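Okay everyone, thanks for coming. Let me put today's structure up on the screen, and then I'll walk you through it.

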Number of protein chains: 2
Amino acid sequence: MRLGILGLGLIGASLAKAVRPSQLYSEIVGYGHRQTTVQTALEQGIIDRAVSSAAELVSQCDLVLIATPTLLAEQQLVELIGHANQLERPPVLTDAASVKGNLWRAIDALELPQWPSFVVLGHPIAGSEKSGVHAARADLFDRHRVILTPQSSTDPTAIAVVTELWEAAGAEVMTMSVQLHDQVLAATSHLPHMLAYALVETLATSDLADDIFQFAAGGFRDFTRIASSDPVMWRDIALANRTELLLALDQFSAGVQRLRTAIEAEDTPTMTAIFERAKGSRDDLLSKLDRSSQQD
Amino acid sequence: MRLGILGLGLIGASLAKAVRPSQLYSEIVGYGHRQTTVQTALEQGIIDRAVSSAAELVSQCDLVLIATPTLLAEQQLVELIGHANQLERPPVLTDAASVKGNLWRAIDALELPQWPSFVVLGHPIAGSEKSGVHAARADLFDRHRVILTPQSSTDPTAIAVVTELWEAAGAEVMTMSVQLHDQVLAATSHLPHMLAYALVETLATSDLADDIFQFAAGGFRDFTRIASSDPVMWRDIALANRTELLLALDQFSAGVQRLRTAIEAEDTPTMTAIFERAKGSRDDLLSKLDRSSQQD
């Protein structure tokens, strides 16, 4: 079985490193936009061979992972489906992008006779503030979750092939609907990033910015860590998951408003109830997360 | 010089431990609400002697630190000023509460002939998720900032005595106005706590709560860590700093609204500008914080 990887950044290169010891793949073939990245991947033995176009991955491999940024992945997925549909035996196509709905809609817009049975959309819940081939780590997915969002017409063999890929990288694979995936990620990842960005930007543009940043302490540092994430990546994620993100933002704003009303009215029972419910949920979550030691 | 400490929890007991080696104080006298706490403080040599009322600290000591929760501190400060005003040579009175405006207003409401010159309101920017005498650490204030908010009528000697106290604990002492203190703390500490509580509570009461908490990853954990803080302590801080906190909440909500509008309109230049400004400020802050290694 030949594995093709489109995009040799943190995710693609880490996956190649992670599955190498399994010997599941006779060859790992890569395609990257930048020649220096491809060169590094070859020199470090991350890939066995490079091809000169994404289309060649489709014609030469049994399984192709698209590991490029969210909006680029959307465009490339459509292109690769076009190439794959020319073939008698198309490879399994999968991806690692943070949003699934935009990919689903892009495929839907192709108005194919049926959903391409060889496509399995997926998302590894793993990452790092670092990016690029030099940041690649064989253990990036170890004990992390991967969510697959197959359709009813997806070939069960294709699902098995993608499951095997991520399990070889040490991940735990589960499936859910495209919509639930995007709702859950909006709430737990995309919304917090937007709030951290909005908070830091609001404070940075305040009249008191100098005093505020001078006295910002450790709690503030943790709370705003994710505001140091890559702006372009997060712009694309926000656009790709726009509908669910706006809903999550509105739910959060309503929650803030309830708390604001309670503080303004000095309604101490409501304030205490909100804080206690939050602390209880957070403490439960903490003990679960500490067990699974995940990170996003 | 005799040091009196009212409240033998994390802050009071840590300060006693921290200043002991300096030998600045001939005796460290404590008063605590709970007998078991007082007993522990005596047994561990944190205090030399316990008294049976807060009033005795005022009559027997040269410097008294009120180290009790925010709203209790307000009530006790008023009581201790009453006792001190009976004395020919009142001790210096200071505190360690998270909000200064409520204390200032409580003193102002006494309508004394003049602001008590022996009172120096202060706030060490240090803490821990743990609390109580058992969590006390001699290095809690080491290289942390302490903000004092003296008035124009405050006795310079009183300011010097309080400065000496915190410097003996390894802290860096600075002064600012009551209002600026409360504005800065609202932005950097009180607001983030409210947002973390509101976010976790909103998600916990959502229809998707089970899925959301099952898939919450590391970024979410950091972002919501402060939602595990003590609900009663934070209810009191929110009440004490209500005016500044509501202003900070409204500024933040306006910032979120600007970002929401940009996402809804798919206004990518505005989205990118917000994210980049936030990342730039956050990265600057991070390098400063890493140097000073503060925590709140």
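One place we'll need that is B:E111, which sits in the loop between α5 (101–108) and β6 of chain B.

Now the housekeeping. What you see is a predicted model, where local features need pLDDT of at least 70, side-chain atom pairs count only at pLDDT 80 or more, and totals for chains, interfaces and linings use all residues. Residues are numbered from 1 along each chain as its sequence is written, while chains are lettered from A and ligands numbered from 1 in the order in which they are written.

Back to B:E111, then. Its phi is positive, about 50°, although it is not a glycine. Is B:E111 buried or exposed? We call a residue buried if 20 or more other C-beta atoms lie within 10 Å of its own, exposed if 12 or fewer, and partly exposed in between, with C-beta atoms placed from the backbone. B:E111 has 6 other C-beta atoms within 10 Å, so it is exposed.

Over in chain A there's A:R143, with a positive phi near 60°, and that's not a glycine either. A:R143 lies in the loop between β7 (122–124) and β8 (145–148) of chain A. It counts as exposed because it has 12 C-beta neighbours inside 10 Å.

Let's zoom out to the whole of chain A. It has 12 helices and nine strands, and its C-alpha atoms fill a box of roughly 70 × 40 × 35 Å along the principal axes. The radius of gyration is taken over C-alpha atoms, and the globule rule is 2.2 Å times the number of residues to the power 0.38. For 296 residues a compact globule would come out near 19 Å, and chain A has 21 Å, which agrees. Buried residues make up 52% of those 296 in chain A.

Chain A splits into domain 1 (2–176) and domain 2 (181–264), with bounds that come from an automatic or database domain assignment. Their C-alpha centres lie 30 Å apart. How many residues of domain 1 of chain A are in contact with domain 2 of chain A? Contact here means that the C-beta atoms of two residues, placed from the backbone, lie within 7 Å. On that basis, 14 residues of domain 1 of chain A touch 12 residues of domain 2 of chain A. On the domain 1 side, α4 (70–84) and α5 (101–108) of chain A are the elements giving two or more residues.

Four bridges join β1(B) to β4(B), with B:G4 partnered by B:V64. Then β4(B) pairs with β5 (residues 92–95) of chain B, again over four bridges, and there B:L65 stands opposite B:T94.

In a regular strand the side chains alternate between the two faces of the sheet. In β4 (residues 63–66) of chain B, B:L63 and B:L65 point one way, B:V64 and B:I66 the other, and all are buried.

Last topic: how do the two chains sit together? A rotation of 180° with 0.0 Å of shift along its axis superposes chain A on chain B, RMSD 0.0 Å, using least squares on the C-alpha atoms of residues with pLDDT of at least 70 in both. That is the relation of a two-fold axis. In chain A, the C-alpha nearest the axis belongs to A:F223, 2.2 Å away.

The contact takes 77 residues from chain A and 77 residues from chain B. The largest share of chain A's side, 18 residues, comes from α7(A). Okay, that's my tour, so over to you.

Technical notes:
Pairing = 2+ DSSP bridges.
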